[in-house]
2 protein chains.
Amino acid sequence: MAARPVSRRSAVDPFLAMDVLRKATAREAAGEAILHLELGQPGWPAPAPALEAARAALAADRLGYTEALGRASLRARIARHYGEAYGLDLDPARVVVTTGSSGGFTLAFLALFDAGAKVALAEPGYPAYRNVMRALGLKPLALPVGEAERWQPTVAQLVAAAEEGARGLLIASPANPTGTMLGEAAMKALAETCAARGVALISDEIYHGLTYERPATTALAHSDEAVVVNSFSKFYCMTGWRIGWMVVPEGLERVVERLAQNLFISPPTLSQIAAEAAFDAKEELEARRAVYAGNREVLAKKLAAAGLTGFAPADGAFYLYADVRRFTNDSAAFAEAMLAEIAVAATPGLDFDPGRGAGYLRLSYAAEADVIAEAARRIGDWLP
Amino acid sequence: MAARPVSRRSAVDPFLAMDVLRKATAREAAGEAILHLELGQPGWPAPAPALEAARAALAADRLGYTEALGRASLRARIARHYGEAYGLDLDPARVVVTTGSSGGFTLAFLALFDAGAKVALAEPGYPAYRNVMRALGLKPLALPVGEAERWQPTVAQLVAAAEEGARGLLIASPANPTGTMLGEAAMKALAETCAARGVALISDEIYHGLTYERPATTALAHSDEAVVVNSFSKFYCMTGWRIGWMVVPEGLERVVERLAQNLFISPPTLSQIAAEAAFDAKEELEARRAVYAGNREVLAKKLAAAGLTGFAPADGAFYLYADVRRFTNDSAAFAEAMLAEIAVAATPGLDFDPGRGAGYLRLSYAAEADVIAEAARRIGDWLP
């Protein structure tokens, strides 16, 4: 009997965050209260108009497949959002509704790149980027960024990557795990360099709306050729609904449509209906953003008071990426001890940066205010 | 300015069915009534207990991410279903909840095969199989099947494919577009040959439950190494919910889990909750199956009376795959004329069989009884 095959490309890294979550969940099952600062998801359900639209559709709609690119009304509503939020005039034909931003990345990578293509991206960064790239045969080209680069890739790094043969650049602003944003000028310079060198620009904008100093800039303001990936998971609090969108350059719609038909058929119908209504919940969602803003202040202040001061600039999203090298050279063990001793869960930096991540910890402040305040207090007391 | 890249692998075939659908939808928008026999989806919404569970969860659940492999209670319920439906004892750890069967195929292909691997499959067959394989770098190896093979791959074809280097065999029983099933003995022989030759067996079982002569056999009854892909879309009438499952061999769970974490995060939460409750709707769903059974009789009889007699054995699913060579050598034009002249939409065989499909037409009888009866009458009157 011969052995069943297993692919090499499926040997992607597991998320350490998931192991932390598993341990935290096991302790919760045993009756213990855990403060969750390891999760990249809001502490609230979808906003009221989204829930109401879903309720109505459950009663009235057959909820069959939709067009592969999504319901026309949702695509039009998303296009209108670009006028409202950024002052851009966007053709709804360029909007693709996706099964979360996850679906968007798969479609973007497959539409743009053949196997073997190199794609540059910042390190630290969201680990699924490089894992999905590898599973799809791409070669992630890590651009190490830190304080010196303000945690975002520079034009010099992009030029060097292009000279190494990079066919794409993936940016995220605000970024995960740092929350750090690209400024208007930096975004423009990267977009222009991509255009000049025939490098595809993919811009992850899933944390747009969750900013604390100034609004985020979209790659679309600087390039008609950028592929933008966005999501209803973060600002709109709809993680489990698995619904997001892309904006693609003219001419790529048909390519993405064919891929989407075959790979996904269509995004979840009820989620599409609910997502469209979520745009009517700006006030409710702004109030939640205000909670994150407060959490961010409290957490940063308490940790700084306890001697934990090295954060990446947390312009947006809901994370602090903390330099813990003063306390440890093994942030995975550090996170485990924190969970064991004070029941606070956080994510070791190695998930985001296989190189330097052992010196960093990601703390999410997406939970409700009392959870974050209590976690900040415990961490402050716990640090030596 | 250099050109933005577009991949070669995204140049997959579009679905002709989608073009038919587009034309049909345009005419409906203009006020015309179209009889839809081109759609591979039931005419009903999800069953009552599924809708009720979704309603309750909307009110009570935050609907965040779940574990990547799905909610434990749903995985356990699916495992129990294997006891109820097939008399098999299945460890819930081997059950993976997926974002439709589409998600299952992507995970199966990536988990089992590296780029360049050859995977054998019947032709005619569901077009997304070969399109997704190509997008993921695999080489589909078409096994032409027809009346002589009872529209399913034979052991001789499998052996020949293995000798050509095939690393996998994808089977579907009941199959789309034919509805034809593999018998117990044929399934067993294919499974044993796969095991003997180290060929991975992927079994698409999404039409299980929708059978008219005898129940379908699962590959799991004949192989612990098979990867089974299933779905709540067809028997359970939950197409737009995008929810399905896989059963994977022991040892592959962790591989699939890592891929699923990165590619999907988790399947839609509300759909998982609704799907679990759908198992409580056997009577309601059986009544719908009885409608299909009636439709199948009516359609086959009326078409036969009009001289359209060559069907693949429609053991299950809700399709007739009709040999229309007596009337045309261009079934795409034939389908277009049928839509234009009698407002009945059907799918040209070329979607399923680029070789011989021009002589075939797929008619779905998943709609309600009056729609199918009226369509059968119109086609009967229309045929020359």
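1. The contact between the two chains. Chain B puts 66 residues into the contact, and chain A puts in 65 residues. On the side of chain B that touches chain A, the elements giving two or more residues are α2 (48-60), α4 (100-112), α5 (127-135), α7 (184-197), α8 (253-263) and α9 (269-278) of chain B. By class, that side of chain B has 37 nonpolar, 18 polar and 11 charged residues. Please keep in mind that this is a predicted model.

2. How the copies are related. Two copies of a chain are related by a rotation about an axis and a shift along it. Here, chain B is superposed on chain A by a rotation of 180 degrees, with 0.0 Å of shift along the axis. The RMSD of that superposition is 0.0 Å. The two copies are thus related as by a two-fold rotation axis. The interface residues tell a matching story: 98% of those of chain B are also interface residues in chain A, so the copies meet through the same surface.

3. Domains of chain A. Chain A is divided into domain 1 (16-44 + 283-382) and domain 2 (48-280). Over C-alpha atoms, the centres of domain 1 and domain 2 of chain A are separated by 26 Å. The contact between them takes 27 residues from domain 1 of chain A and 27 residues from domain 2 of chain A.

4. What domain 1 brings to that contact. On the side of domain 1 of chain A that touches domain 2 of chain A, α10 (282-305) and β9 (319-323) of chain A each supply at least two residues. α10(A) gives the most, with 7 residues. That side of domain 1 of chain A divides into 13 nonpolar, 6 polar and 8 charged residues.

5. Strand β9 of chain A. Of the 5 residues of β9(A), 4 are buried, so the strand is largely enclosed by the rest of the structure. β9(A) is joined by 5 bridges to strand β12 (residues 360-364) of chain A, and the two run antiparallel. In this pairing Tyr319(A) stands opposite Ser364(A) in β12(A).

6. Trp44 of chain A. Trp44(A) lies in the loop between β1 (35-36) and α2 (48-60) of chain A. Is Trp44(A) buried, exposed or partly exposed? Trp44(A) has 18 other C-beta atoms within 10 Å. Buried would take 20 or more, and exposed 12 or fewer, so Trp44(A) is partly exposed. Leaving out residues up to four places away in sequence, Trp44(A) touches Cys237(A) and Arg288(A). Trp44(A) and Ala366(A) are 322 residues apart along the chain, yet their C-alpha atoms are separated by 9.0 Å.

7. The sheet of chain A. In chain A, 7 strands form an open sheet in the order β2-β8-β7-β6-β5-β3-β4, with mixed pairing. The edge strands are β2 (95-98) and β4 (139-144) of chain A, and each pairs on one side only. From one strand to the next, the twist averages 25 degrees.

8. Strand β8 of chain B and its two partners. β2(B) is joined to β8(B) by 4 bridges, running antiparallel. Strand β7 (residues 227-231) of chain B is also joined to β8(B) by 4 bridges, running antiparallel. From strand β8 (residues 244-247) of chain B, Gly244(B) and Met246(B) point one way. Trp245(B) and Val247(B) point the other way, and all four are buried.

9. A parallel pair in chain B. Strand β5 (residues 166-172) of chain B and strand β6 (residues 200-204) of chain B run parallel, joined by 5 bridges. Within the pair, Leu169(B) stands opposite Leu201(B) in β6(B).

Definitions and conventions
Residues numbered from 1 in each chain as written. Chains lettered and ligands numbered in written order. Predicted model: local features only at pLDDT ≥ 70, side-chain atom pairs only at ≥ 80, totals over all residues. Contact = placed C-beta atoms within 7 Å. Nonpolar A, V, L, I, M, F, W, Y, C, P; charged D, E, K, R; others polar. Least-squares fit on C-alpha atoms with pLDDT ≥ 70 in both. Domains from an automatic or database assignment. Pairing = 2+ DSSP bridges. Axes fitted to C-alpha atoms, helices over the stretch in contact; angles between N-to-C directions.
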